[in-house]
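This report describes one protein structure for a reader who is new to the subject. Please keep the sequence and the model in view while reading.

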Amino acid sequence: MARSFLLVLLFCPLILRGVEPSRPNILWITSEDNSPYLGCYGDPNARTPHLDQLASEGLRYVNAYSSAPVCSVARSTLITGMNAPTLGLHNHRSSVGVPAAVVYYPQLFRQAGYYCTNNSKTDYNMSINGRRAGWKDVGWHASGKKAHYRNRKKGQPFFAVFNTTLSHEGQTTDQAYGGRKASNPSQRILPPRQVPLGVIAPFHPDTPEIRENWSRYYDNMHLMDKWVGEQLRELEASGAAENTIVFYFSDHGGALPRGKRNIHDTGTRVPLIIRFPEKWKHLAPKSLNDTGIIDQLVAFVDFPAAAANLCGLKIPDIWEGKPFLGPNARERDFVYLYRGRMDERYDTVRAIRTKWQLYVRNFSPHRPLGQAYTYPFRVLASMGSWYEAFKAGKCNEIQSRYWKPRGGIEFYNTAYDPLQLHDAFREQPGKEFEATLQSLRRLDVESTKTGGNGFTSAEEALRGKLLEPGARDTGLVPEGLTQRLSADSTIYEHVNALPAEEWEEVCSVALKASIATVGDAADLLRSMKSESATVRYWAATGALVAGREAASLKAGLIDLLVDPAPDVRVVAAEALGHHGESARILPVLVKVVHDGNVYESLAAANALEALGRDGVVPMDRIKSVMPEKIRGEGARVVEAIEKIR
Ligand SMILES: [Ca+2]
């Protein structure tokens, strides 16, 4: 209230005098699938003069995160100013109903008189009024290849987004890369044979395909940089540069395997450069010792709030983001990261990233990080090459990990381990890990003194996000069940209307399930009888994680084969497969593939395939029962069984 009054006082005299309204324009220049592989971020191999120049004129954020490691989920976060799982938008790709109360940032700026354009990717996982949400639904004046701030009215401020796919993972294929011979650098920036170890990450084997992939990618980064230069020149030529705050960022990390789609820094840490023109320099935060470096933690969820705050707009109450720029900017002591389904592959991962630690919770530890995704196998030669090397026994322990089941918890000290190769939870089990965790708690307590939220450990912070009142993490509800539960409203409204005890039970059982052992059998058996289908789902998942040693769970799992919720049947069936019950469970799974909704069908197809890949049931038998044609993304599971073996 006080702020709006102040703004009226600030703007009125200018408007009365007929001067251009004193609000900055916002220009977001975005690229795809790239981590900070830029000269200005210290990459000696990069040739990115335009971004280096922009950085020298602006601020370089070294702790910026995309909230999610994949296009649609990252974009859903940006457009809503909310964490994607709060609204159920965490699955790539989907079309989930959202409540009318959501405020999209183009709407907010448009209402404030801004001309809002998007050039051109939308990719939001939402539906509005039962239809897939398009650009008009979220408030853009124009979207597409011609959308441009130059079409605004005279004197009108603008918010414009320009995105390039030049650095997208799909741009390294023979067809895409070879198809633009004329524009590629005449000589490779980093020829394949000269790609140094260090660029080839320790988690990758050194193969010709991985070298070639990196080499093409550095060329693509160069082209992306050139394109950024064109956008900046255009801004200059338009005469608007002096009134425009420019953001450059990538939509998430990438682009080789274990980059994009991955919760670790290689998938979620992004370059973020912000340039304030002279007129608006007073709004710029102070950098570390005037180096231009900002080490503050920021995430995509905060970007709309920061932009709105810079322009003097009131931040909608429903937004979860904090304004890291502008008056009363607020600093986070951690960012919340999330990964859901990626195309045809299910996974649920959440993480807490502080400045110096990464705490990961894998809710599907029985699946490897590197699942048989058909798309990256199709477009990244490095993916197939890595997989072949793994199968041939040519990968060391760190390189092999991507293709194996994970632990339920990972914990990294990122100050010493920027690539997150040394999981303290794995390498220092028991007492040593406890000691590490204690030191983490102490560090977090220290950080909360700087205005944090009082969480005293990463686990507590993560739990706090899952349970956050009014913004519960709906990603704990399996996707097929989500569709059933939200038939009459939205999953956001459904989950936030549940009694607190019920949602706490969901979170507790899910957290327990991801690290379940035979010692948890009694608790899991009790949870299998819960009234809540989501609790039963996680209890069955716990049985799957605990494995065949937990023989006492067998009877409980057999009861769940006739559960009213198909998602529960699917996971119970997979767990029972490990108890030697394949004859009993294969028909259950095949029936869900046929009769379930499209997501239940996909989950069942994944379970069938996993039983084959895990060697529980011979793959030939899986192929003989797997329907040849499956709806939606399920078709890709069938394709993967044939092509990715
Ligand atoms: Ca992307």
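At what angle do helix 22 and helix 23 pack, and how far apart are their axes? The angle is about 150°, and the axes are 9 Å apart. The section on helix packing returns to this pair.

## Basis of the model

The model is a predicted one, in which local features need pLDDT of at least 70, side-chain atom pairs count only at pLDDT 80 or more, and totals for chains, interfaces and linings use all residues. Residues are numbered from 1 along each chain as its sequence is written.

## Overall form

The protein has 26 helices and 17 strands. Both are DSSP runs numbered from the N terminus: helices are H or I runs of at least four residues, and strands are E runs of at least two. The radius of gyration of the protein is 25 Å, close to the 26 Å given by the globule rule for 645 residues, so the protein is as compact as a globular protein of that length. This radius is taken over C-alpha atoms, and the globule rule is 2.2 Å times the number of residues to the power 0.38. Along the principal axes, the C-alpha atoms fill a box of roughly 80 × 60 × 50 Å.

Of the 645 residues, 52% count as buried. A residue is buried if 20 or more other C-beta atoms lie within 10 Å of its own, exposed if 12 or fewer do, and partly exposed in between, with C-beta atoms placed from the backbone. Among contacts between residues at least 6 apart in sequence, 69% join residues at least 24 apart. Two residues are in contact if their C-beta atoms, placed from the backbone, lie within 7 Å.

## Helix packing

Two packed helices are described by the angle between their axes and the distance between the axes. Axes are lines fitted to C-alpha atoms, for helices over the stretch in contact, and angles run from 0 to 180 degrees between N-to-C directions. Angles under 35 degrees count as roughly parallel, over 145 as roughly antiparallel, 65 to 115 as roughly perpendicular and the rest as oblique.

Helix 18 (residues 500-513) packs against helix 20 at about 10°, with the axes 8 Å apart; the two are therefore roughly parallel to each other. Their contact has eight nonpolar, three polar and two charged residues. In this classification, Ala, Val, Leu, Ile, Met, Phe, Trp, Tyr, Cys and Pro count as nonpolar, Asp, Glu, Lys and Arg as charged, and the others, Gly among them, as polar. Helix 20 (residues 533-546) also meets helix 22 (residues 566-577): their axes come within 8 Å and cross at roughly 15°. Helix 20 and helix 22 are therefore roughly parallel to each other. The residues of their contact divide into nine nonpolar, one polar and three charged.

Helix 22 and helix 23 (residues 582-595), with their angle of about 150°, are therefore roughly antiparallel to each other. Among the residues that meet are Val570 and Ala573 in helix 22 and Ile585 and Val588 in helix 23. This contact divides into eight nonpolar, two polar and two charged residues.

## Two buried residues

Leu166 lies in the loop between strand 9 (158-163) and helix 6 (174-178). Leu166 is buried, with 22 other C-beta atoms within 10 Å. Not counting residues up to four places away in sequence, Leu166 touches Ser31, Gln171, Asn220, Leu223, Met224 and Trp227.

Ala308 belongs to helix 9 (residues 303-310) and counts as buried, with 26 C-beta neighbours inside 10 Å. Although Ala308 and Ile26 are 282 residues apart along the chain, their C-alpha atoms are separated by 9.5 Å.

## Backbone exceptions

Most residues other than glycine have a negative phi, and most peptide bonds are trans. A cis peptide bond joins His92 and Arg93, with omega about 0°; Arg93 is in the loop between helix 4 (84-87) and strand 4 (96-97). Another cis peptide bond, with omega about -10°, joins Gly254 and Ala255.

Asp290 is not a glycine, yet has a positive phi of about 55°. Asp290 is exposed, with 7 other C-beta atoms within 10 Å. Asn328, also not a glycine, has a positive phi of about 55°, and is found in the loop between helix 9 and strand 14 (335-339).
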